[in-house]
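Here are a few notes to go through with the model open beside you.

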Amino acid sequence: MLKTIISIILSVSIGIFWYSYNYGLGKAWASNAWPSKSYEDLLKFQSDSSSFIYGVTLLSESFVMIIFNIIISLLRPRSGKEFIYIAFLLSALLYSARMIHAPFESVPLAVHLINGGYDCAILSASAIVHYILR
């Protein structure tokens, strides 16, 4: 349980940096996801619906980390390399499943790449947590 809680906190922390408008990939993500909106429009939208946005995000990240914890427990990796392989393979699976739908959505490739990179980053960070606390 501790590994899952730490992984959730870590994934939220990575997300804050990853999607940061000033420090991470937030500017690239926002300009591709919402090309007709200004930074001020996005801030207003975010503040108007932040409890919903962050609630869904936290719930989703928690669910992903719980499932990841179950998968790690079932696979019982022994080395740090095996933990990272599992994280990368699961990231590839998640990203590939998402890309099946990409041609039918009006979401630019850059948004998919940024989101997929984030998924890989949080699963890799969680794998490291699991390896350290095994």
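1. Start with tyrosine 19. Its relative accessible area is 28%, so it counts as partly exposed (buried is under 20%, exposed over 50% and partly exposed in between, using a 1.4 Å probe and protein chains only). Tryptophan 29 is partly exposed too, at 25%. Keep in mind that this is a predicted model: local features need pLDDT of at least 70, side-chain atom pairs count only at pLDDT 80 or more, and totals for chains, interfaces and linings use all residues. Residues are numbered from 1 along each chain as its sequence is written, and side-chain values use heavy atoms, with hydrogens and water left out.

2. How many aromatic pairs does the whole structure hold? The search finds 4, where a pair means rings of Phe, Tyr and Trp (its six-membered ring) with centres within 6.5 Å; planes under 30 degrees apart are stacked, over 60 edge-to-face and the rest tilted. The rings of tyrosine 19 and tryptophan 29 are edge-to-face, because their planes sit at 80 degrees, with the centres 5.8 Å apart. This pair links distant parts of the chain, 10 residues apart: tyrosine 19 is in the loop between helix H1 (2-18) and helix H2 (26-33), and tryptophan 29 is in H2. Helices here are DSSP runs (H or I, at least four residues), numbered from the N terminus. Trp18, Tyr19, Trp29 and Tyr118 form one aromatic cluster.

3. Now look at H2 against helix H6 (residues 109-132). They pack at about 140 degrees with axes 8 Å apart; axes are lines fitted to C-alpha atoms over the stretch in contact, and angles run from 0 to 180 degrees between N-to-C directions. That makes H2 oblique to H6 (under 35 degrees is roughly parallel, over 145 roughly antiparallel, 65 to 115 roughly perpendicular and the rest oblique). Tryptophan 29 turns up again: Ala28, Trp29, Asn32 and Ala33 of H2 touch Ala110, Val111, Ile114 and Asn115 of H6, contact meaning heavy atoms within 4.5 Å. These residues split into 6 nonpolar, 2 polar and no charged (Ala, Val, Leu, Ile, Met, Phe, Trp, Tyr, Cys and Pro are nonpolar, Asp, Glu, Lys and Arg charged, and the others, Gly among them, polar).

4. Next, H1 and helix H4 (residues 50-75). Their angle is about 135 degrees and their axes are 9 Å apart, which makes H1 oblique to H4. From H1, Thr4, Ser7, Ile8, Ser11 and Val12 meet Leu58, Glu61, Ser62, Met65, Ile66 and Asn69 in H4. This contact divides into 5 nonpolar, 5 polar and 1 charged.

Note on methods
Helix = DSSP H or I, 4+ residues; strand = E, 2+ residues; numbered from the N terminus.
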